[in-house]
Amino acid sequence: MSQVDEIKSPIKANMEEFERHYRRLLVTDIPHIDRMVDFILSGEGKHMRPMLLFLTAALHGNINEVTYISASLIEITHTASLVHDDVVDEAYRRRARWSVNALWRSHQAVLVGDFLLARSIRKAAEHKLYKLIETMSCVIEAMSAGELMQAGLSERLSATKEEYLEVIRSKTALLLGSAAEAGASSVGADEEACERMRHFGELVGMAFQIKDDILDYSPAQATGKPAYGDIRERKMTLPLIEALEDCDKKSREKILYSLSRAADDHKALEEVRDFVIERGGLEKAGAVMESIAEEACSLLEGYDDSPAKQSLLLLADYAVTRKK
């Protein structure tokens, strides 16, 4: 049994039922949209956000119809963000296959992403999930702001650790936090418990993103993704920020100059990669990641032992130990 299957085991039946809810919400009477949506759904990943949502719901009560609707709407929002990300990044591959914008061009990809966002908000309104609408609106705003903040940092090739953490919180962690909070809220958990779950989800999301940034330095055959993509895109991720810490001005300027040329110059890319590895950037970033994951696990200490609690602890561990 894989790590993910083990995490899912207490909610396996719920995840299967979720798939049916999720797909029903996306059916239209427009064949062209249905073809695009079917293509998107056929290439989706592990459904980490619904998994987290069902686990926090199971931790606090009995999973119900509101839980399924909340999970579906949050996953639709996540899916829309991925479609838009591929347009922004001019990425033509996702998970070893063509992206939506590669097959239908960017203008249609933007529109289908917009369609997905609008569908999620409309369905939430139909079910009177006004708190979820407010939460998701704030998350979408923050995700957009995080992308713009990261773009600005890449342009000036400068970022502090605090700026980096705010970027990944906005781009990745807030949506996971919203999923964790929505799960607890869907079964009637009190405000303190919902806030605790939101914090847990955000911390797991941050650890997950730092791990992604560390894995970017691994060979493509180990992760299944192109290596050194962050370097090519001039992204100031935590391994590089940590490696540059306490670096003398001359060395810093040299590495940042290499970073500016890395997209088209393989030697410059290798200089940045070797610098990060030799200066212990991966290990330092790993220590930050593990500290964040430990903080997430500490938020579960007040709960009685249960399959849901064990799976949430496994999820936090998976965020930092996964190989791809």
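Two axes count as roughly parallel when the angle between them is under 35 degrees, as roughly antiparallel when it is over 145, as roughly perpendicular from 65 to 115, and as oblique for the rest. The model discussed here is predicted, so local features need pLDDT of at least 70 and side-chain atom pairs count only at pLDDT 80 or more, while totals for chains, interfaces and linings use all residues. Residues are numbered from 1 along each chain as its sequence is written, and side-chain values use heavy atoms, with hydrogens and water left out.

Helices are DSSP runs of H or I with at least four residues, strands are runs of E with at least two, and both are numbered from the N terminus. An axis is a line fitted to C-alpha atoms, for helices over the stretch in contact, and angles run from 0 to 180 degrees between N-to-C directions.

Start with helix H3 (residues 31-42) and helix H6 (residues 100-126), whose axes come within 11 Å and cross at roughly 100°. H3 and H6 are therefore roughly perpendicular to each other. Contact means heavy atoms within 4.5 Å. On the H3 side, the residues that meet H6 are His32, Ile33, Arg35, Met36, Val37, Phe39 and Ile40; on the H6 side they are Val100, Leu103, Trp104, Gln108, Val112, Phe115 and Leu116. The residues of this contact comprise 11 nonpolar, two polar and one charged. In this sorting, Ala, Val, Leu, Ile, Met, Phe, Trp, Tyr, Cys and Pro are nonpolar, Asp, Glu, Lys and Arg are charged, and the others, Gly among them, are polar.

Two residues of H6 can be set side by side. Buried means under 20% relative accessible area, exposed over 50%, and partly exposed in between, with a 1.4 Å probe and protein chains only. Lys123 is in helix H6 and counts as buried, at 16% relative accessibility. Apart from its neighbours within four places in sequence, Lys123 is in contact with Leu25 and Leu73. Arg105 also has its place in helix H6, but it counts as exposed, at 61% relative accessibility. Arg105 is not a glycine, yet its phi is positive, at about 70°.

His47 lies in the loop between H3 and helix H4 (48-60), and at 8% relative accessibility it counts as buried.

The next pair is helix H7 (residues 130-156) and helix H8 (residues 161-186), with axes that come within 8 Å and cross at roughly 160°. H7 and H8 are therefore roughly antiparallel to each other. The residues of their contact divide into 11 nonpolar, five polar and seven charged.

In helix H9 (residues 191-215) lies Glu202, which is buried, with a relative accessible area of 7%. Its side chain makes a polar contact with the side chain of Arg198 at 2.3 Å. A polar contact is a pair of N or O atoms within 3.5 Å; within protein, one must be able to donate a hydrogen and the other to accept it, and residues adjacent in sequence count only if both atoms are side-chain atoms. Leaving aside neighbours within four places in sequence, Glu202 is in contact with Arg169, Ala173, Leu174 and Gly177.

Ser9 counts as partly exposed, at 43% relative accessibility. Ser9 and Ser311 are 302 residues apart in sequence, but 8.1 Å apart in space, C-alpha to C-alpha.
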